[in-house]
Amino acid sequence: MKIKHSGRWKRRTAAQQAEAAYRWIARLLWGVLPVFGIISLFTYGISPDHQQCSLFPTPVTASIQQTADKSLANQAPGRDAMLRSVTNTIAATGGFLIRDIYLTDQRLLEQPQPLDPAKLSDTADQLNLLYQKFQIPMCVIAVPSAGELYAQELLDGVQFPSQLPEIETFYQQMDSPIRKIDVYHVLYTLTDNYIYNRTDPRWTCYGAYCVYRTAIQKMGFSPVSFDQYIVTHVDTYRGSLYDACLYDGVTPDVLDVYSCKSGSTVTQLTAYQADGTEESREMYVQPDTGDPYAFYLGEDCEKLVIETDLENQRKLLVLKDAYANCMIPFLLQHYSEICVLDVTCMEHALAELADVSEYSQILVLCDADTFANDAYFDFFET
């Protein structure tokens, strides 16, 4: 069902709605703050080294006041109850955006940010250099946000900028031997299916499977058919979009496990942190706290090495962000070893983490915003 805008909220821009939401939360919190004690205020204003109070070191300008409102809204006691109350009030009066999150009956959608063409170009240059240096078959997947598929249908009359032109240009800037996957057109006809989470910006296991099915063919394999998998619904959860607005009008998401009936099994999974520590892990372990996506591979780390019982001697190097977490299990059906490097966690140069020449193929899988942060792709810098 499309959202409806009414009255004053309809005439406001998204930015004005977000600012108003912060302002009302902050006003309410400033009003109740004495109940919790003035000490709480200064506790949240103290800098990490506890050497100075950073609450209002200079006269309060409009910008500083807005920052203070956001900081207070995020950190003060009773934040969750107050945010939920404001969100419900705004939604009940026809509002549709809270803290850069669009509210609809079916899902929460993140307000996209424009992609910097210059940074995307720099990233493309780095990927070209990586290919030219090693001449190893490479596949690149830039995942668009859920808004690219659902905004027009769910956000009637709202201007929702598209990142697709920048993604297309990014693909064109990469060398032709590098294979690119047009994820948007893979998923466009599947929007009636559960391909993106409703309360989290990332795709679901089924969405990842649909892209895997296309990508693995370009990587030289036949995909494992869907009927070969047993799907187990492990748990429900609410993701980071929900955490940002606490809107309860959307159905929670589901953590799924796709088990291949006759597929490979993991014989060893080792995580390497940036500080040099190592730990043995298992897949599909429910995290106690934090990111629900840690269920698939464990908490984010600089490097993972996954070994399987396949004897084909095929080794895959994956450069990824969190979008790849639930797609890795599908790739395990084709490789004896997968080395996974999280570009958002890498603190060492690529050469320090892996001997690239040992790998049969390279897969680079991130969302569009990650590719637009060229600092993540300085592979040859320490």
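Which residue in strand 10 is the bridge partner of Tyr 272? The bridge partner is Lys 303. This is a predicted model, in which local features need pLDDT of at least 70 and side-chain atom pairs count only at pLDDT 80 or more, while totals for chains, interfaces and linings use all residues. Residues are numbered from 1 along each chain as its sequence is written, and side-chain values use heavy atoms, with hydrogens and water left out.

- Strands here are DSSP runs (E, at least two residues), numbered from the N terminus, and two strands pair if DSSP finds at least two bridges between them.
- Strand 10 covers residues 303-308, and 5 of its 6 residues are buried (under 20% relative accessible area, with a 1.4 Å probe and protein chains only).
- Ile 306 has Ile 338 in strand 12 as its bridge partner.

- Three strands in the order 1-2-3 form an open sheet with antiparallel pairing.
- Strand 1 (97-98) and strand 3 (108-110) each have a single partner strand, so one side of each is left without a neighbour in the sheet.
- Strand 2 (residues 101-103) is joined to strand 3 by 3 bridges.
- Leu 103 lies opposite Leu 108 in strand 3.

**Cavities**

- The structure holds 2 cavities of 30 Å³ or more.
- A cavity is a set of points on a 1 Å grid over the protein atoms alone where a 1.4 Å probe fits but cannot get out, and its lining residues have an atom within 4 Å of a point.
- Grid points are joined across faces, edges and corners, and a volume is the space filled by probe spheres set on the points.
- The largest cavity holds about 60 Å³ of space, and its lining includes Arg 281, Asp 300, Leu 304 and Asp 342.
- That lining divides into 4 nonpolar, 2 polar and 5 charged residues, where Ala, Val, Leu, Ile, Met, Phe, Trp, Tyr, Cys and Pro count as nonpolar, Asp, Glu, Lys and Arg as charged, and the others, Gly among them, as polar.
- The second largest cavity has a volume of about 40 Å³, and among its lining residues are Trp 203, Tyr 237, Tyr 293 and Cys 326.
- Strand 7 (residues 253-260) gives the most to the lining of the second largest cavity, with 3 residues.
- The lining of the second largest cavity divides into 8 nonpolar, 2 polar and 1 charged.

Note on methods:
1 Å grid on protein atoms, 1.4 Å probe; cavity = no way out; pocket = protein on both sides within 12 Å on 5 of 7 lines; lining within 4 Å. Helix = DSSP H or I, 4+ residues; strand = E, 2+ residues; numbered from the N terminus. Buried < 20%, exposed > 50% of the residue type's maximum accessible area, 1.4 Å probe, protein only.
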